[in-house]
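Welcome! Have a look at the structure first, and then we can go through it together.

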Amino acid sequence: MDITDVAIIGASTRGRGLAEALSLAGFNLTIVEIDKDTLERGFELIEEEMDALIAKWGLTESEKKAALARINGVTHLDEINRQAQLVFVTVQENIDLNKDIFSNLDKIMNPDCLFVSHTAILSITEIADSTNRPDKIAGLVFLPPVTQVKLAEVVCGLHTSKETFLTLREFVQVGMSKTPIQITEFPGNITIRMLVSMINEALCIAMEGTATIDDIDTAMKLGYKMNRGPFELGDKIGLDLVSVWMDYLFKDLGIGSGAPHRLVSKLVRAGHLGLKTRKGFYVYDEQGKISGLGALNQLKRMESF
Amino acid sequence: MKILVLNSGSSSIKFQLLNMNGEVLLVKGMVSKIGTRSATLSMDIPGKEKVKEVSEILDHQSALENIVKALLSEKLAIIQDESEIIAVGHRVVHGGESYSASVAIDDSVIKEIRQLFELAPLHNPPNLKGIEVCRRLFPSKPQVAVFDTAFHQTMPAKAYIYPLPYVLYRRYKIRRYGFHGTSHAYVARQCAKKMNKDMKDLNIITVHLGNGCSITAIEKGQVVDTSMGLTPLEGLVMGTRSGDIDPSIITFVMAQEELGLHEANAMLNKHSGLLGISGVSNDMKDLMDASETTERAQLAIDVFCYRLKKYIAAYAGVLAGVDAIVFTGGIGENASKVRELSCEGLAFMGIEMDVEKNARPSDNEDLSTGKLKTRIFRIPTNEELVIAQETKRIVVGE
């Protein structure tokens, strides 16, 4: 099946990132977002994000114009483009909400249309069971910024057919120029599970007094050629989200993979959510550059003794 | 004897149908925005009104089917039967080191074109797509590939080897290939005709200034050097491409601005050149219009002409004297100021433009003062005609 038209449910961070990448890759898009303000803000942010690409020479004005012209925003599911061959659901990672949306889509979309959930933690199989096309349901997860990161996690549930998997793999590879990897459904897939474990372990190292937060980041950046260390990554993603993932994975994966470190929820309660509040493991200046250590600065550097 | 000429791009197919008895253009046109519901088929039939249709065309196959249908339509009366088209000529950008001339397409040629994807990732894949679709649609018609790189294959190693570790040439075939070969070959031949001489008795510099710009030194009919290199980014300043720069600038800017490979590539290919300097436009005509009021528009023109002059003088040295310089391409044919500035001050080496004649050029006239060695011509290029001629030569022999 040739995919030319795609619909995205949700215009928050993940929906927006996807819309930007897919429109630049030449797909015709409909974004369905029930909240009008979120939809409008979504369009503004997509444009800002494209301007940022232009400022770094990754895009031209005419490419931006053509891409924006391919995106259509609507506020009701009934207005979705029924010709779409693929629908992305990017709403909050809440199982009941997702099941509800998938079952509604099942009623209105063409029977050949594939539905994918952009979820890191929900069960594709459980979502698929809410539809009459469980073989056409899969997960497809990209990492932000979607335009830059070349990875796509193609997640198969227990009902996902080989044909669905092959179509999605082709879509990702040829349509989006990304490298697909195959995952059999499990909470956290690869990237989130590894990331959460790493941040959790890094916190343990810091709290034991083995090393400071910035030294741990420096070690991982220089040692493993990472652009950001675990703490900086956590701040960038948002500690509220990290905390949700930690709890969910702990609950679903069991005690074996480590109890969530209580410091993350402590910071979240204090409103120190990372880069977006300019306070997290680090504090940030207006340009988003690290200007010092955050509230956990009670973990003093050795040299200050 | 009718020949169809195709130039297949990623989302467009340009085509011309020529009657080779007398080399008459029957129709030229293009399908654009392939892959969308608003694809456009436009056609220009000499002496008739222009045709434009918008419809859903999702791939190259249906684009070509639409073209054939239009050619056969009773209303347009271009041809009555598909069998009137005796062969199809394809523009293929990169022929690598394998092809120094046009070639009849068979499975091995297709395999070779595919192997060159790495060297021309933007051009060879859609070129091949056009060929494959044609082989499906017209399995019995001969198809010919005409390569942009072929004419330049006579260059000696000293001109095509880069001063880099030689292992890179061995491993990746990193060397100068040159592009626009079909255009350079055509205008050089036309130039010899105008001078009533054989190409073998002439040293010619051909200057192709269009969207992309390149310059070629042709000694006794053979290319000895050309300004584009491994890719069409090297050499002259272009609309949005930088041409020659200090290679260290790339790594410096990538580090300072935290650019990835894609951004660095796009910066050099899409945000540089005339557009990059001027900040106004990549179009020479826009810059000429803006030059009196916008300093950087004038600066862009100055850099463009200055660098072109350096190449002309260098190639005059390579050829040990030039019999003729030919300007072609959109800018080369229309921007008299560019022709004038790029030859200015070269009288000491036999190149002197007659500013009056150059301002009002006719296609046949020598634009030089006629007092010194070098003739200067403006000759409109016609790559499609060359592709059709080559196709005819290969299909029916000379």
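How many residues does the contact take from chain A and from chain B? Eleven residues come from chain A and eleven residues from chain B. Please keep in mind that this is a predicted model.

**Where the chains meet**

- Between them, chain A and chain B bury about 1000 Å², and carbon and sulfur atoms account for 48% of that area.
- On the chain A side, 53% of the area buried against chain B is supplied by Lys56(A), Trp57(A) and Gly58(A), more than any other three residues.

**Charged and polar links across the interface**

- Two salt bridges are found across the interface of chain A and chain B.
- Lys56(A) forms a salt bridge with Glu257(B), and their closest N and O atoms lie 2.8 Å apart.
- Five residue pairs are in polar contact across the interface of chain A and chain B.
- The side of chain A that touches chain B has three nonpolar, five polar and three charged residues.

**A look at Leu26(B)**

- You will find Leu26(B) in strand 3 of chain B, which covers residues 24–32.
- Leaving aside residues up to four places away in sequence, Leu26(B) touches Lys2(B), Leu17(B), Leu18(B), Asn19(B), Ile45(B), Pro46(B) and Ile78(B).
- Gln190(B) is 164 residues from Leu26(B) along the chain, and the C-alpha atoms of these two residues are separated by 22 Å.

Key:
Residues are numbered from 1 along each chain as its sequence is written. Chains are lettered from A and ligands numbered from 1 in the order in which they are written. This is a predicted model: local features need pLDDT of at least 70, side-chain atom pairs count only at pLDDT 80 or more; totals for chains, interfaces and linings use all residues. Side-chain values use heavy atoms; hydrogens and water are left out. Helices (H or I, at least four residues) and strands (E, at least two) are DSSP runs, numbered from the N terminus. Contact means heavy atoms within 4.5 Å. Buried area is the accessible area (1.4 Å probe) that two parts lose on being put together, summed over both. A salt bridge is a side-chain nitrogen of Lys or Arg within 4 Å of a carboxyl oxygen of Asp or Glu. A polar contact is a pair of N or O atoms within 3.5 Å; within protein, one must be able to donate a hydrogen and the other to accept it, and residues adjacent in sequence count only if both atoms are side-chain atoms. Ala, Val, Leu, Ile, Met, Phe, Trp, Tyr, Cys and Pro count as nonpolar, Asp, Glu, Lys and Arg as charged, and the others, Gly among them, as polar.
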